[in-house]
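Please look through the sequence and the model below before reading on. The report then goes from the whole chain to single residues.

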Amino acid sequence: MTDRRTGSQGIETALRSQPSKIQMTTAMRIKVECYAGYRGEETPRRVQIGDGRWEVIEILDRWLAPQHRYFKLKTVDGSQWIIRHDTLTDQWELTYFKHA
């Protein structure tokens, strides 16, 4: 099914029809498009899993850990995500997802 707002497949399809609230024990690698502000900090703007892409409409929270930067996001469909950026490997991972 294609999402009218993003033109991509829904997160349910991308995550293989997992339950609407997913608490992962291992993180899923994802692609994230970012905007680098005037201070050089990258802020997520789009999340991609497979063929699915979701626009970030709000950063709900952000925090640092010794080797990761975490972001709690809200996307256009109202879903909430927690993603993390591994600062050593420059990889992004999905750690939590809750469908709206």
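What follows is a description of the chain, its strand pairs, its core and one serine.

This is a predicted model, in which local features need pLDDT of at least 70 and side-chain atom pairs count only at pLDDT 80 or more, while totals for chains, interfaces and linings use all residues. Residues are numbered from 1 along each chain as its sequence is written, and side-chain values use heavy atoms, with hydrogens and water left out.

The chain has one helix and six strands, and from the N terminus on the order of these elements is α-β-β-β-β-β-β. Here helices (H or I, at least four residues) and strands (E, at least two) are DSSP runs, numbered from the N terminus. Of the 100 residues, 36% count as buried, where buried means under 20% relative accessible area, exposed over 50%, and partly exposed in between (1.4 Å probe, protein chains only).

Two of the strand pairs are set out here; strands pair if DSSP finds at least two bridges between them.

Strand 3 is joined to strand 4 by a hairpin through three residues.

The largest nonpolar core holds 13 residues, of which Ile 30, Leu 73, Trp 81, Ile 83 and Leu 94 touch the most other members. Strand 1 (21-36), strand 2 (42-49), strand 3 (52-64), strand 4, strand 5 and strand 6 (91-98) each supply at least two residues of this core, and strand 6 gives the most, with three residues. A nonpolar core is a set of buried Ala, Val, Leu, Ile, Met, Phe, Trp, Tyr and Cys residues joined through side-chain atoms within 4.5 Å. In soluble globular proteins, nonpolar side chains tend to be buried together. Not counting residues up to four places away in sequence, Ile 30 touches residues including Val 47, Ile 83 and Leu 94, a contact being heavy atoms within 4.5 Å.

Ser 79 lies in the loop between strand 4 (68-75) and strand 5 (80-86). Is Ser 79 buried or exposed? Ser 79 counts as buried because its relative accessibility is 0%. The side chain of Ser 79 reaches the backbone nitrogen of Ala 100 at 3.5 Å, and, not counting residues up to four places away in sequence, Ser 79 also touches residues including Leu 73, Phe 97 and His 99.

Key. A polar contact is a pair of N or O atoms within 3.5 Å; within protein, one must be able to donate a hydrogen and the other to accept it, and residues adjacent in sequence count only if both atoms are side-chain atoms.
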